[in-house]
Amino acid sequence: MRIPLLAAVLLAVFAVVSDLYILKDIRQYSSARHRRVFSRVYTVFMVLCWILVAVTLCFPKRSEEHSILGLMWMLFTTLSIYIPKFLYCICSLMGRLFSRKGVNRGALVGVPVALLVFIVIWWGCLFTRHDIVVNEVDVVSDKLPESFDGFEVLQFSDAHVGTWGTDTAFVSKLVDSINNRKADLILFTGDIVNRRSSELDPFVKIFSRLKAPYGVYGVHGNHDYAGYVTWKNPGDANKDVARLDSMMRVMGWKILNNHTGFVAKDNDSIVVIGVENWGEPPFNQLGDLGKSYPEDAGKLHGLNDGMFKILLTHNPEHWSQVVTKISNIDLSLAGHTHAMQCMIKIGDWKWSPSKYRYEQWGGMYSDTAKDGNPMNLYVNIGVGEVGFPARIGAAKPELTLFRLHTKKNN
């Protein structure tokens, strides 16, 4: 978990300024009878909040010895307090600008708004992040062999099991939910841990219960490369990644880091391609699509062949910047965005702050290859959390079930 210096300074400054502003409002708008009591009570609360902010900012963030759980919960608690305070301050300031002199209706509105947002944040922590949803998607292609018509593929992503510590209840529920769908093939699109392989230790036996007739395939995401820890000894990060690979294979998963798997049914087959994380700064671009599925000497196989291809790539930016430009891959599956763990959805309309960071942030997106082949990307918003142990609004843990259909039968 990274807290940039500028963000830390801004958080500290905002904490002081917002609290002093609210204290001023309390003194100004409280009755003479209650002003002193309310001011003293809020002053005590304000000082405690400042201590929380200071401890959060000073907590070791990349230490090899310290768990990330303490920092995660302190940061969450801090944000759950100061986001409502920020909204109250905005309402109050608007009230000062537009209300009649002596009456600040903005402050009156700001109090219930702040309380509502506080409740929504903690609801997302206590309830929404446990509420698994399954989104069903039909994919039609004339490249799909007829024997695969009706074939079901289940995708899940961004487990971030380190957020749960040693509490296995949610992951056990997740595995049961996946197995209950009885999909033919299970695909995982990266970020099984937050920082290091040891986070996976309590969950190996649980994930080993994942079963599908045609197997479980997975790739790594940016959090799976041990880059969020400052290691004492050079090379320890690579050893940790190798240990994570070994653990996932023990779980029965096939790891496709720049490799390809062929799924055979009857006399036909489809291709599952997996790339390592194609990162944006500060992450390395390890994903190599050409290496993952190279063209053979007879040009019977390659990124633009006639096979039905599914690509596992953690970062959706890889699809728009690389995949659509050099291949005709039919269905790409990504994760990474989490929809920033905050989403509003009304009917088919949806919004998330992640849309201002990622062009493709959640759901299905389409393009056309140079040969005219339809290309689809589905961005799964993940089942876990990182940094902020909550999912707000409609950003519930997501499983995606794809039903593949041949064009002839539709």
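## A threonine tucked inside

Let's start with T313, whose side chain makes a polar contact with the side chain of H318 at 2.9 Å (N or O atoms within 3.5 Å, one able to donate a hydrogen and the other to accept it). This is a predicted model, where local features need pLDDT of at least 70 and side-chain atom pairs count only at pLDDT 80 or more. Residues are numbered from 1 along each chain, and side-chain values use heavy atoms, leaving out hydrogens and water.

T313 sits in the loop between strand 8 (309-312) and helix 9 (317-326). Is T313 buried or exposed? T313 is buried, because its relative accessible area is 0%, and buried means under 20% (exposed is over 50%, partly exposed in between, with a 1.4 Å probe and protein chains only).

In soluble globular proteins, nonpolar side chains tend to be buried together. Here, the largest nonpolar core has 33 residues, and F156, I192, L200, F207 and W253 touch the most other members (a core joins buried Ala, Val, Leu, Ile, Met, Phe, Trp, Tyr and Cys through side-chain atoms within 4.5 Å). Helix 5 gives the most to this core, five residues. A second, separate core of 23 residues includes V271, A339, W361 and A395.

Back to W253: leaving aside neighbours within four places in sequence, its contacts (heavy atoms within 4.5 Å) are F156, F188, I192, F207, L210, V216 and M248.

V13 is partly exposed, with a relative accessible area of 46%.

Terms used
Helices (H or I, at least four residues) and strands (E, at least two) are DSSP runs, numbered from the N terminus.
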